[in-house]
Amino acid sequence: MKNSLKQMLRTPVRTILFLILLVLAAFLTAFGANLWLVNKKSMASYENKFMTIATVKQKASSISRNLVWDAERKEYVIWNRSEYDRYIPVSELLFEGADYLSGPEKRSYYGSYTPEYVHPSESAAGTNPGSTGVIEFSPLEDCVPEEAVQIEVRKVLGEGVSFFHEGQKLWFCDHENPDPEKMYKDKTYVAYIGPAGMSTARPHGAVVESKSDTGESPYEYSGNDISLTLYQQDGTAVPDPLQVEKTYFEVSEDFYETEIGKRMLSVADKPGYMRNSQPVTGTKKTKLILPFYDGTARICQGRDISEEEYQAGEKVCLAPLDFMQDNQLGLGDAITVRLYYTNADRAGYVNFNRYGGGGNFSLTGTDNRTLEPFEASEYTVVGIYDVVDTPSLANQTMGQGELVVPVNSIEHRDECNIVAFGAMRDMNTSFEIPNGTIDTFLTRWNQQGISELEFTFYDMGYTELQAGLRNMRNLSLMVLSVGVIVTAILILFFTNLFITKQKERTAIERSLGMTKKQCRRSLLSGLMILIILGSIAGSISGSFLSRNISAKSLDRNYYDRSYSVMQDVTLENEVTESYPVSVSVLTGVCCAALAILFGYWISSRKMNRSLQYEPMKLFSERKEG
């Protein structure tokens, strides 16, 4: 070994150059290898942390213009309404090549009538001038309610309405009827009233102020439509057996025995039913509901419903924090659910009225009686969620007291008492696809020839991150390839200089009586010391530097935390935790070991080739030359 080192020191420039170049080559090899491994680990890790979902919206086929009488303006006004040639079923999203991870689903929400619980709407009910209810009243004088006229409340029908009370004076107008019937002060009328507006015209332009001593309200009320809103499963409206064209009716002695009277009693039940109900939304995956996806709604206690529970339709649920606190319930407790209506239109969009009203639909059946529950169950609470004060995507939010359950747990889903039906909306239709496949999905979808649907994709910034990671992967593979190739060339070139070109030295050493083993040791020891030093130094330094650069590059350049489940976590820390120093160093050691083994293998082959020649033959070749 000593002689070998002395021999190399006789050519210091060549020796130092070989060492420096080998350090650089080993550096590139370890740098590229570590960068590639970090990239691979990051991609695998983000597949579980990121989620790509899409919402679906059916575009209107046309816009219809409806003329509606406005008593304040004394003229017809135009109300625009979206019209659809057909409602596209969710089954048309099931096409060949659609690689769904979950869904697609068009969610409905269900009304659960449970008066034994305290519901969030109860705390605010009756405090809002916008309350609705069925009242019996009489006008203070004979009049035609083509403008605001004063009436006095004689009786409040039904339960759950605390704003109206007997003896209260209100302003009433048949606001959307251009030719209302005359009312007489000695007669009693009944109507399902609600606010007509906060700034509508008063008689002769008078300014009306609230009188707390008489209970007089400054707001104008009008009668609401009491027609049925029932639908079949395909969205076809159920015919109303009564052709209701009026909003107020004279109360005769046997009025409530007539079909109109029975319906009015059913309508009177609605505020009480809604105050004692809560929405139940069925889904295939919690994060298909946008508030849970973007973090507006977050599980604060317990856990999410598992994939197995969703598939099996287990009777488990997620419940809101305020509902659980109001009813002194906790994780593991059972919540009674009695489903009595289905809303196939507005799931996930303020689907319950905070003040006990609740949606532009009726709760009356074709028998003119309030709808009866069609399914009763007990759901175990596995998770409690809270809604934070953060703007949700597409202005969506959770309903008051809304339960989230596996849709497979609802036996009669989308079958019974459908009170509202509509097209696919971003608030009720969504699905999940693999990360990074948005373009592939759209390409395959466009081949289906359906143009009425519009998709909005959310991927937590995965597309941008994936582009950055792919650039890093390509860079790491290029650096790794360059490092491997340069290392191989350097070892091949310098072993040729240090061994093959040293045939004369080998011949002299053998002539002096050295064995082949001693000659091999003489030539290889010094060379292998250089290879070992250069490989280890370059690989270790490359490992540390690549780890530092990769973490910072991922964090600063390629990662968008918008709408991300990881928005509160520093990515650099995550990369450090998932790819520790020991692994980084081990990668460098492996690269160095491979370079050393390759160098030893090449050197041994060249050395064995030189030792095949007899010393005298080598000298004779030199003399002849």
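**Stop one: the core**

Start with the largest nonpolar core, which has 18 residues; select Met324, Ile335, Leu339 and Val381, the ones with the most contacts inside it. A nonpolar core here is a set of buried Ala, Val, Leu, Ile, Met, Phe, Trp, Tyr and Cys residues joined through side-chain atoms within 4.5 Å, and buried means under 20% relative accessible area, with exposed over 50% and partly exposed in between (1.4 Å probe, protein chains only). Now colour strand E14 (316-320), helix H6 (321-326), strand E15 (334-344), strand E16 (375-387) and strand E17 (403-406): each supplies at least two residues of this core. Helices (H or I, at least four residues) and strands (E, at least two) are DSSP runs, numbered from the N terminus.

A word on what you're looking at: this is a predicted model, where local features need pLDDT of at least 70, side-chain atom pairs count only at pLDDT 80 or more, and totals for chains, interfaces and linings use all residues. Residues are numbered from 1 along each chain as its sequence is written, and side-chain values use heavy atoms, leaving out hydrogens and water.

**Stop two: helix H3**

Select residues 259-275 for helix H3, 17 residues that reach 25 Å from first C-alpha to last, close to the 24 Å expected at 1.5 Å a residue (1.5 Å times one less than the number of residues). Zoom in on Asp269, where H3 bends by about 30 degrees, with Pro271 following within four residues. The bend is the angle between axes fitted to the seven residues ending there and the seven starting there. Because 13 of its 17 residues are buried, H3 is largely enclosed by the rest of the structure.

**Stop three: aromatic rings**

The structure holds 30 aromatic pairs: rings of Phe, Tyr and Trp (its six-membered ring) with centres within 6.5 Å, called stacked under 30 degrees between planes, edge-to-face over 60 and tilted for the rest. Pick Tyr273 and Tyr340, a tilted pair at 5.7 Å centre to centre and 55 degrees between the planes. Tyr273 is in helix H3 and Tyr340 in strand E15, so the pair ties together parts 67 residues apart in sequence. Both tyrosines, Tyr273 and Tyr340, are buried.

**Last stop: Ile596**

Which helix holds Ile596? Select residues 581-611 and you'll find Ile596 in helix H12. Ile596 is buried, at 19% relative accessible area. Leaving aside neighbours within four places in sequence, Ile596 is in contact (heavy atoms within 4.5 Å) with Met528, Ile531, Ile532, Ser535 and Ile536.
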